[in-house]
Amino acid sequence: MIEVEGAMGVLRMHSAQPKRSWQLMDIQRSLELLHMTVYSQSVSPCGKYLAAGNNFGEIAIFSLSAALSSEAKEESKKPVISFAAHDGPIYAMVSTDRQLLSAGNGEVKAWNWSEIVKKGCKEAWCRRPTYKSSLEVPEINSLQLNLKDNSLLMAGGDCAIHMMDLESGAFTREYRGHTDYIHCLALRDQLRECLSGSEDGTVRLWDLRAGGQVQCIEVHKYEECSRPQYGKWISCLATDSDWMVCGGGPALTLWHLRSVTPTTVFPVQQCQQQVMFYQDLILSAGHSPTVNHLQISGEMKAQIPCIPCCVHSLSINEHSPEHKVLTAAGSSHRIDVFTNFGYRAFSLTFT
Amino acid sequence: MSSDSSKKRKPKVIRTDGGPQEGKRSRTDVDQDAKYYSEEAEVDLRDPNKDYELYKQTCQDLQKLMAEIQELKSKGNKDCAAEIEERRIQSCVHFMTLKKLNRLAHIRLKKGRDQTHEAKQKVDAYHLQLQNLLYEVMHLQKEITKCLEFKSKHEEIELVSVEEFYKEAPAEISRMEITRGDPHQQTLSRLDWELEQRKRLAEKYKECLANKEKILKEIEVKKEYLSNLQPRLNSIMQASLPVQEYLAMPFDQVHKQYETARHLPPPLYVLFVQASAYGQACDKKLAVAIEGNVEEAKALCKPPEDSQDDESDSDAEEEQTTKRRRPTLGVQLDDKRKEMLKRHPLSVTIDLKCKDGSVLLLTFYYLMNLNVMTVKAKVTAAAEMTMPISAGDLLSPDSLLSCLYPGDHGKRTPNPANQFQFDKVGILTLNDYVMELGHPYVWVQKLGGLHFPKDQPQQPVIADSSLSASHMERTMKLLKMRLESRLALHKQFASLEHGILPVSSECQHLFPAKIVSRLVKWIALTYEDYLELSYTKDVVEAGLAEDTHLYYMALIERGTGKVEETYYSKPPFPQMVAQPVIVGDEAPSEQALMCSRLFSPSQFSKSKLQAAVVLNPGYSFVPPVFSLCLNWKGEKTNSNDDNIRSMESEVNVYYKELCGPKPGYQLLTNQLQRLCVVLDVYLETETHDNSVEGPKEFPQEKMCLRLVRGPSRMKPFKFNYPQGFFSHR
């Protein structure tokens with residue numbers, strides 16, 4: 001069953017706000033900015049634009065090329081365009097070679113990059129997996145592109161991973177097993193396996209082709225990394241061949257997947273929200289205003305301060321070598337940009 | 001020889017008798033007998049020339065005789081004696097002749113003199129006569145010229161021209177045939193005509209005078225009638241007053257006010273007129289009045305007030321020097337300041353009445369030398385109100401009208417020219433005098449029609465009534481809204497201070513039936529205190545907290561311990577501030593221990609939610625902003641707990657859901673109630689750490705679909721009416 005919603009996305013451009021009581025709108029907006037959280041980011045295929053989605057369902061497009069150019073002004077650090085995309089928060093965004101996919105409360109929407117660049121913000125399509133519960137629309141916390149199958153994996157509130165064929169828009173598979181909602185997904189390309197981290201404290205490996213659960217790691221049961229005072233939830237996950245790093249309630253830990261053993265527990269106290277492999281380093285960020293550079297051996301290489309008190313999203317622009325930057329977003333209306341990963345260069349701001 | 005002569009004188013008479021007798025005898029034989037001998041008469045008879053010949057002859061003879069005698073004597077012969085005698089006799093005769101001649105010469109001289117004298121007298125008489133005649137001539141000539149120069153009076157009289165004269169004058173006066181040729185006659189008759197005419201005019205003048213007198217008398221009579229009418233009219237007016245009052249038509253009062261309004265300075269006049277007009281057109285309950293000393297204002301009007309402060313300053317200085325001997329520099333400057341900040345003696349008051357009967361009393365003043373208007377506000381509530389401590393600033397004149405329009409604090413003068421005036425007398429800012437003078441809000445200037453351009457500070461500003469009119473309605477509405485919202489807040493604060501959250505029935509659906517968290521404290525904060533709070537940084541940085549705003553602290557509690565009487569403004573966990581969340585495995589038990597030791601006999605700590613509130617003067621148009629700090633298992637703020645941040649946004653961003661019935665005066669209390677609700681949710685949905693012994697601290701009573709959601713593990717703060725469950729946004 002596919003539910004296709006038409007172009008129902010309400011376009012609400014900030015420039016087109018009614019003139020009356022501008023002062024009130026002004027205060028309303030500054031209050032929104034004060035309480036804004038940016039959950040997701042995605043870089044355009046050309047590598048020149050960065051899309052960011054916040055808790056108010058707005059997507060803002062920043063021009064990295066303008067902000068990084070030598071004659072960058074304050075104005076170039078503001079969104080090229082921002083539009084209301086979803087009703088609720090936008091928790092996940094990915095980019096295909098043509099489209100920007102965003103997900104929030106229950107549905108995935110696609111926006112053509114070619115149109116976005118020309119400041120057109122009409123959604124290309126909108127898909128919604130079938131949910132069992134009718135009382136509440138489950139959120140989608142994570143999107144993962146599976147390029148080999150040309151499919152999209154999504155997971156979230158309904159404790160299941162849904163696979164959607166990007167060609168047809170049909171939901172082809174569903175992977176069930178988690179007992180609580182899923183925070184994050186990661187892909188093992190070589191093995192056609194998918195990893196998922198969940199609120200229930202487990203990381204599960206799924207065989208994408210067979211559709212069954214391969215493995216279930218109950219992270220919170222390992223004494224090395226368990227931290228009951230924070231909880232057992234796994235909020236971040238990254239994988240590289242046989243290695244996996246995951247964190248959340250339990251401490252950030254490097255796992256060897258074949259032997260299913262926690263090899264390194266990283267000395268990071270705060271719960272981590274985002275982790276990624278980068279060259280021979282592991283970058284992580286979470287409930288602290290820092291971006292942590294960790295070595296595989298378990299040493300903290302650097303803690304780079306950033307503006308958001310809690311970082312929800314890290315993104316490295318791999319598409320364009322001249323615009324290769326690390327961007328960190330979280331509980332702030334500002335998105336920090338690290339040109340040299342060692343320090344914060346400037347911030348892009350929502351307006 | 002003299003002896004000779006004297007001797008010979010005696011016989012002289014004899015000789016004259018004899019000698020000349022002989023000579024004269026021959027001549028005057030006739031009258032010799034009648035007259036006695038008179039030598040005087042003889043003179044006339046004799047020829048002087050002959051006498052002169054005789055005299056010469058005699059002298060020659062005498063000389064000859066003398067010479068002969070000489071000769072004879074020189075010879076000395078006696079014979080010669082006779083001859084000498086003879087010659088002596090001869091000489092004597094000659095002498096006689098000489099004597100005679102001498103007498104004659106004398107008489108002749110005398111005679112000549114007399115004649116000359118006589119002639120001279122005659123000449124003198126003639127000369128006198130001549131003089132008289134000449135004088136007479138001169139006098140006559142003078143008279144003649146006098147006559148010639150005589151000016152007649154008639155030349156000064158302007159006469160009608162000759163042609164006109166002949167045209168108009170009757171024939172008996174003009175007498176054409178005579179006067180044509182004779183200019184004298186013509187002039188005379190013209191004068192006659194003039195006289196005639198003047199007589200006629202005099203007649204007419206008299207007539208007019210009489211007429212005038214008559215009219216004057218008439219006027220007098222009418223005046224008397226009118227003056228008799230005035231008291232009667234007055235009495236009628238007086239009598240009609242109760243009727244006017246009864247019919248609520250205060251014509252008389254209005255009239256008086258308009259009379260007074262003439263003495264208002266232009267900006268106050270504009271305000272008065274516009275406000276009265278607005279009151280008549282849109283708001284019948286609006287009362288506009290003029291207060292102050294009219295006489296003073298009149299006095300001010302008469303001599304054109306020299307607005308140049310230099311002069312007034314110097315005047316003031318003079319006064320000082322005469323009054324006091326040596327005023328200190330400070331006193332002088334003080335007086336100058338007073339002069340500069342002088343208000344016009346008249347002020348305009350506007351009473352804005354709200355629906356519930358409370359009144360906002362605005363008094364507008366005009367600072368003459370600064371050319372700005374100020375306002376003082378006072379509130380009289382309809383019902384007697386208890387004064388909540390935290391409401392101190394709510395109705396204070398200082399803050400009541402602050403920021404009626406955004407950014408209009410009324411602390412600086414809106415007239416840029418004033419700064420230069422202040423520099424002269426050493427006033428740093430008008431702010432120091434605002435309490436005394438009233439606030440110079442920009443909207444007040446606009447109501448008075450004063451508009452101050454920002455870029456041209458020295459351009460003179462004149463009162464413009466259209467400006468006032470365009471702002472009147474909006475400002476009055478804003479004022480009314482401000483008053484109502486403040487009164488509503490005032491009422492709310494009174495109950496907040498007693499820990500009661502008044503939630504009206506219209507708003508009940510916004511909240512679940514059971515709310516455990518309670519508001520226990522509501523106090524006012526100072527701006528400085530607010531700034532010092534660690535968790536308000538973001539709000540301050542976002543520019544949502546300014547010193548003109550009002551600040552409050554709410555304390556919401558939920559816990560098993562007994563409610564204590566005294567609270568602390570500091571966070572109750574000072575140790576926790578240093579290391580907020582990083583707690584080891586053993587920490588909770590330690591913490592619990594500590595808490596129990598410190599606060600209550602219970603095993604659990606009380607949870608205290610501090611909410612720092614920024615109340616914008618524009619409430620409820622502009623929502624209050626809350627900053628939260630939860631003291632429960634450590635200090636949790638928006639910087640270390642996303643859920644606290646989310647709770648803040650529940651009240652700050654989604655305030656529109658909490659406005660309640662229009663115009664949303666219940667916003668604050670609803671927000672506070674909402675905070676109680678979200679605190680309940682926060683505490684009840686906190687994941688229970690199984691490693692800690694004992695039951696769950698706060699049993700979950702709220703119905704939630706899911707406890708956490710999304711990457712940030714948000715708690716379900718959204719309340720769904722009428723099902724009554726909580727969900728996520």
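Predicted model: local features only at pLDDT ≥ 70, side-chain atom pairs only at ≥ 80, totals over all residues.

Modeller: Residues are numbered from 1 along each chain as its sequence is written, chains are lettered from A and ligands numbered from 1 in the order in which they are written, and side-chain values use heavy atoms, with hydrogens and water left out.

Biologist: How many cavities of 30 Å³ or more are there, and which residues line the largest cavity?

Modeller: Rolling a probe the size of a water molecule over the atoms shows where empty space is left. On a 1 Å grid over the protein atoms alone, a cavity is a set of points where a 1.4 Å probe fits but cannot get out; a pocket is an open set with protein on both sides within 12 Å along at least five of seven lines; lining residues have an atom within 4 Å of a point. Points are joined across faces, edges and corners, and a volume is the space filled by probe spheres set on them. The count is two cavities of 30 Å³ or more, and the largest cavity has a volume of about 50 Å³. Its lining draws on both chains, with His287(A), Cys309(A), Cys310(A) and Ser331(A) together with Asn638(B), Ser639(B), Asn640(B), Asp641(B) and Asp642(B). That lining divides into two nonpolar, five polar and two charged residues (Ala, Val, Leu, Ile, Met, Phe, Trp, Tyr, Cys and Pro count as nonpolar, Asp, Glu, Lys and Arg as charged, the others, Gly among them, as polar).

Biologist: What is the volume of the second largest pocket, and which residues are the closest to its centre?

Modeller: The second largest pocket holds about 1,600 Å³ of space. Of its 48 lining residues, Val94(A), Leu143(A), Gln144(A), Met276(A) and Leu314(A) are the closest to the centre. Elements giving two or more residues to this lining include strand S1 (38–43) and strand S9 (140–146) of chain A. By class, the lining has 23 nonpolar, 20 polar and five charged residues.

Biologist: In what order do the strands of the four-stranded sheet in chain A lie?

Modeller: Strands of a sheet pair through backbone hydrogen bonds, either parallel or antiparallel. Helices (H or I, at least four residues) and strands (E, at least two) are DSSP runs, numbered from the N terminus, and two strands pair if DSSP finds at least two bridges between them. The order in this open sheet is S9-S10-S11-S12 (chain A), with antiparallel pairing. S9 and strand S12 (171–176) of chain A are the edge strands, each pairing on one side only. Strand S11 (residues 160–165) of chain A is joined to S12(A) by five bridges, and His162(A) has Glu174(A) as its bridge partner in S12(A).

Biologist: How do helices H4(B) and H5(B) pack?

Modeller: Two packed helices are described by the angle between their axes and the distance between the axes. Axes are lines fitted to C-alpha atoms, for helices over the stretch in contact, and angles run from 0 to 180 degrees between N-to-C directions. Helix H4 (residues 48–75) and helix H5 (residues 80–149) of chain B pack at about 155 degrees, with their axes 9 Å apart. H4(B) is therefore roughly antiparallel to H5(B) (under 35 degrees counts as roughly parallel, over 145 as roughly antiparallel, 65 to 115 as roughly perpendicular and the rest as oblique).
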